[in-house]
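This report goes through one protein model part by part. Please look at the sequence and the structure shown here before reading on.

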Amino acid sequence: MENDVRRSCVDCGVVNCDVQNKSYPPFCLTTHMDKTVKNEAMKEYTGENRKVMQTAAKVEYDGYCVWTRVQETVEFMKRMGYHKIGIATCVGLIQETRELTKILRSHGFEVYGIGCKVGAVAKTEFGIDVDCQKIGNNSCNPILQAKLLNAEGTDLNIVMGLCVGHDSMFYKYSDALVTTLVTKDRVTGHNAVAPLHLANGYYAKLKEE
């Protein structure tokens with residue numbers, strides 16, 4: 001079965017795409033790439049897309065290992081010339097979102113936020129099993145969050161801890177560019193990478209045999 005795996009970057013132990021001072025594995029996507037696909041991608045880096053890439057690179061350089069993610073986000077938005085910022089937040093993170101709002105407003109941004117339970121739609125209206133109401137009667141509504149922010153004409157939307165899958169729906173329906181500030185993980189205090197750092201120790205149980 002192992003031999004049937006289609007290898008990709010996740011299987012590479014060389015990671016030579018940056019320094020380029022070692023040999024590449026035989027399945028390397030850089031050296032065995034369909035140049036047509038690469039060229040199609042490169043053609044997309046014009047106008048706003050090009051500005052985003054240039055601004056993101058400069059923010060990374062200026063704040064490397066110095067600025068927090070919040071600071072990087074503020075700097076990125078300032079340098080992009082954004083003014084109206086949307087926030088799609090989990091209601092469980094409303095306190096953190098309020099603090100973020102204070103920070104953003106102190107920097108002159110207009111902020112408009114939508115909680116995940118907006119519209120108060122019962123889970124059963126989505127055909128969700130009634131048992132799921134044991135942890136809350138009403139469903140998250142990421143498409144409605146996106147549509148309400150679209151109607152406000154936001155320049156950039158920030159995701160604050162939307163559920164797995166709900167965040168995907170929000171990205172799909174948001175007209176504005178989206179960045180994620182918080183990835184919700186109730187078990188680890190929203191430090192979603194923690195189980196990966198402990199994957200060979202305490203969280204080895206995550207690997208099914």
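Which residues in helix α5 (residues 142-152) are buried? They are Pro 142, Gln 145, Ala 146 and Leu 149. The term buried stands for a relative accessible area under 20%, exposed for over 50%, and partly exposed for values in between, with a 1.4 Å probe and protein chains only.

## About the model

The model is predicted: local features need a pLDDT of at least 70, side-chain atom pairs count only at pLDDT 80 or more, and totals for chains, interfaces and linings use all residues. Residues are numbered from 1 along each chain as its sequence is written, and side-chain values use heavy atoms, with hydrogens and water left out.

Helices (H or I, at least four residues) and strands (E, at least two) are DSSP runs, numbered from the N terminus.

## Helix α5

Seen down the axis of α5, the buried residues fall within an arc of 95°, so they line one face of the helix. The arc is that of the directions from the helix axis to the C-beta atoms. An α-helix has 3.6 residues a turn, so residues three or four places apart point the same way.

The buried residues of α5 pack against strands β1, β2 and β3 and against helix α6 (166-173). Contact here means heavy atoms within 4.5 Å. After α5 comes Gly 153, with a positive phi near 70°.

## Strands β1 and β2

Strand β1 (residues 84-89) and strand β2 (residues 110-115) run parallel and are joined by six bridges. Two strands pair if DSSP finds at least two bridges between them. Ala 88 has Ile 114 in β2 as its bridge partner. With helix α4 (residues 94-106), β1 and β2 make a right-handed β-α-β unit. A crossover is right-handed if, with the strands pointing away from the viewer, the path from the first strand over the helix to the second runs clockwise.

A side-chain salt bridge joins Lys 84 and Glu 110 (3.7 Å, N to O). Lys 84 lies in strand β1 and Glu 110 in strand β2, so the pair ties together parts that are 26 residues apart in sequence. A salt bridge is a side-chain nitrogen of Lys or Arg within 4 Å of a carboxyl oxygen of Asp or Glu. Lys 84 is buried because its relative accessible area is 14%, while Glu 110 counts as partly exposed at 36%.

## Strands β3 and β4

Strand β3 and strand β4 also run parallel, with five bridges between them. Ile 158 stands opposite Thr 179 in β4. β3, α6 and β4 make a right-handed β-α-β unit.

Where is Asn 157 placed? Asn 157 lies in strand β3 (residues 156-160). Its relative accessibility is 0%, so Asn 157 counts as buried. The side chains of Asn 157 and Ser 174 are joined by a polar contact of 2.9 Å. A polar contact is a pair of N or O atoms within 3.5 Å; within protein, one must be able to donate a hydrogen and the other to accept it, and residues adjacent in sequence count only if both atoms are side-chain atoms. Leaving aside neighbours within four places in sequence, the contacts of Asn 157 include Gly 86, Leu 149, Phe 170 and Thr 179.

## Other salt bridges

How many salt bridges does the structure hold? There are seven. In one of them, the side chains of Asp 62 and Lys 58 meet at 3.0 Å, N to O. Both residues lie in helix α2 (residues 47-63), four residues apart, about one turn of the helix. Lys 58 is partly exposed, with a relative accessible area of 42%, and Asp 62 is partly exposed, at 29%.

The side chains of Arg 7 and Asp 11 also meet in a salt bridge (3.5 Å, N to O). Arg 7 counts as partly exposed at 30% relative accessibility, and Asp 11 counts as partly exposed at 31%.

## Positive phi values

Most residues other than glycine have a negative phi, and most peptide bonds are trans. Val 15 has a positive phi, near 45°. Val 15 is found in the segment before α1 (35-43) and counts as exposed at 58% relative accessibility.

His 190 has a positive phi, near 65°. His 190 is in the loop between β4 (177-182) and α7 (194-197). With a relative accessible area of 31%, His 190 is partly exposed.
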